[in-house]
Amino acid sequence: MNKANAFPDLMRAFFHEWLVEQRNASVHTVRSYRDTWRLFLRFAAQRAEKKVAVITLADLTAGGVAAFLGHAEHDRGGTIGTRNCRLAAIRSFFNFVATKDPASIAQCVEILHIPVKRAPVSEPCYLDPAEVAAILAQPNRSTLEGIRDHALLSFLYNSGARIQEALDLCPRAIRFDSPSCVRLTGKGRKERICPLWPETVLLLKKLLERQPRASDQRLFVNRYGEPLSASGVRFKLAAYVKAAAETTPTLRTKHVTPHSFRHATAVHLVSAGVDVTVIRSWLGHVSLDTTNHYARANLETKRKALEQVSAPQSARHPPSWKRDTSLLAWLDTL
C-alpha cells in the first residue's frame, strides 16, 4: 500500500473511531454505510480504471458521487429513498474527512452540497382486515415453519413493528403475564412498549414450546437456529400473498411487504378512533406529521367524517348587502 495514500486510514478511522466509538451508531447503520461504500468503491474503481486497493481520496469527486447515485437509482433499479440513503452514507464520510484533512475541504464541500432528491409522496399501501385475515390463514400451522410464520405475521400486525424490530425480538422483551406487552427497540435505539393481544401471546408461547430459545436469543429463527433475515421474510410473505389472492382478489393489485402490516396497524387504529398521539407512541414515530399521514390514507375515515357534515343548503334569501338598496345606490356613485 502506498504510504502517501491516506484514504485507507481515513476510511478505517471513519468506521472504527467515528461511527462506532464516537457516534455509537447502531449495527444496522454501520452495515448500511458499509454496503454503500462497497458499491461506491467498486463503481469508482471501474470509472477510474483502477483496482479498489489503489483508489485515493482524489478519485472520489463530486462528479463521481453524482454518477454513482444515478447508477444506484437507474442501473441498479433502486428507489429515490435508497439513493438518498447512499448519499447520506457518503456525506457522513466526507463530513468526517473535512475535520481530519483540511487540504481536502474544497473537495468535501462540493460533495456535501450534492442535494437530496425529492420523491413523490404516495399514499401508503395498507391491508384491509379481510386481507390481513386471508394472509394469516395461509401458513400451515401443523409444521414448525408454519407456526413461526403465523406468529411473526400476527406479531407484525398486532404491534405495528418494523420488520427488523420484530426479527431482533428476544423472549426477555415480552411480558407474557397480563397485561401482556412487548418492549421494542426502534430507530435511534429508542424503546417503546406495545400491548399484545392474548391471541398473539398464545402464538408466541406455542412457538417457544416447539422451538425453545434462551431469554437473550432471537425468537424468530430458521430451521438451523439462525435468525431470519428480512429478505427471507419478504420471500415467504410473497408466497402467502399469492395464495391468499386466490380467495381475496383485491390482494392481486397490492404490493404487500412486511411493512404493509405496519401501515395496516396504523390505519386500523385511526379507523377505531384512537388518538393520533397514542398511535404515534405505539408506532415509535418521531414526528406527528408521519402519523397524520395514515389519517389521510383511510378512505373509510373520510367517508364517516363526510356523513357528519350536512350538505350545503341553497340560500333562501339574497345576502343582506344585496337587499340594502342604499348601499347599492352608494356603490353606483363610485
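Before the first stop, a word on labels: helices (H or I, at least four residues) and strands (E, at least two) are DSSP runs, numbered from the N terminus. With that in hand, select Asn-24, in the loop between α1 (7-22) and α2. Keep in mind throughout that this is a predicted model.

Asn-24 has a positive phi, about 55 degrees, although it is not a glycine. Most residues other than glycine have a negative phi. Is Asn-24 buried, exposed or partly exposed? Its relative accessibility is 46%, so Asn-24 counts as partly exposed.

Now jump to Glu-49, in the loop between α2 and α3 (62-75). Glu-49 isn't a glycine either, and its phi is again positive, near 55 degrees. Glu-49 has a relative accessible area of 75%, so this one is exposed.

**Zoom out**

Switch to cartoon for the overview. The protein has 16 helices and 3 strands. Color by burial and 39% of the 334 residues count as buried. The accessible surface comes to about 19900 Å², and 55% of that belongs to carbon and sulfur atoms.

**A helix crossing**

Select residues 27-48 and 80-100, which are helix α2 and helix α4. How do the two pack? Their axes are 9 Å apart, at an angle of about 90 degrees. Angles of 65 to 115 degrees count as roughly perpendicular, so that is the label for α2 and α4.

Show side chains at the crossing. From α2, the contact uses Ser-32, Tyr-33, Asp-35, Thr-36, Trp-37, Leu-39 and Phe-40. From α4 come Arg-86, Ala-88, Ala-89, Ile-90, Ser-92, Phe-93 and Phe-94. Sorted by type, the residues of this contact are 9 nonpolar, 3 polar and 2 charged.

**The largest core**

In soluble globular proteins, nonpolar side chains tend to be buried together. To see that here, go to the largest nonpolar core, which has 47 residues. Which of them gives the most? That's α7, with 7 residues.

Stay on Phe-261 and show its surroundings. Leaving aside residues up to four places away in sequence, Phe-261 touches Leu-127, Val-132, Ile-135, Leu-153, Leu-156, Tyr-157 and Leu-237. Apart from this core lies another, of 33 residues; click on Leu-10, Phe-43, Val-65 and Phe-93, which are among them.

**Helix α6 and a buried glutamate**

Back to α6. The buried residues of this helix are Glu-131, Val-132, Ala-134, Ile-135 and Leu-136. They pack against α7, α10 and α11.

Pick Glu-131 from that list. Its relative accessible area is 2%, and under 20% counts as buried. What does Glu-131 touch, not counting residues up to four places away in sequence? The partners are Tyr-126, Thr-248, Thr-250, Leu-251 and Lys-254. Draw a distance from Glu-131 to Thr-248: the two are 117 residues apart in sequence, but 6.7 Å apart C-alpha to C-alpha.

Next, select Ser-178 and Pro-179. The peptide bond joining them is cis, with omega about -5 degrees. Most peptide bonds are trans. Pro-179 is found in the loop between β1 (174-175) and β2.

Last stop: Cys-181, which lies in strand β2. Not counting residues up to four places away in sequence, Cys-181 touches Ala-173, Ile-174, Arg-175, Ile-193, Cys-194, Pro-195 and Leu-196. For one more distance, go from Cys-181 to Val-201: 20 residues along the chain, with C-alpha atoms separated by 8.7 Å.

Conventions: Residues are numbered from 1 along each chain as its sequence is written. This is a predicted model: local features need pLDDT of at least 70, side-chain atom pairs count only at pLDDT 80 or more; totals for chains, interfaces and linings use all residues. Side-chain values use heavy atoms; hydrogens and water are left out. A nonpolar core is a set of buried Ala, Val, Leu, Ile, Met, Phe, Trp, Tyr and Cys residues joined through side-chain atoms within 4.5 Å. Buried means under 20% relative accessible area, exposed over 50%, partly exposed in between (1.4 Å probe, protein chains only). Contact means heavy atoms within 4.5 Å. Axes are lines fitted to C-alpha atoms, for helices over the stretch in contact, and angles run from 0 to 180 degrees between N-to-C directions. Angles under 35 degrees count as roughly parallel, over 145 as roughly antiparallel, 65 to 115 as roughly perpendicular and the rest as oblique. Ala, Val, Leu, Ile, Met, Phe, Trp, Tyr, Cys and Pro count as nonpolar, Asp, Glu, Lys and Arg as charged, and the others, Gly among them, as polar. Accessible areas come from the Shrake-Rupley method with a 1.4 Å probe; for residues, only the protein chains shown count as cover.
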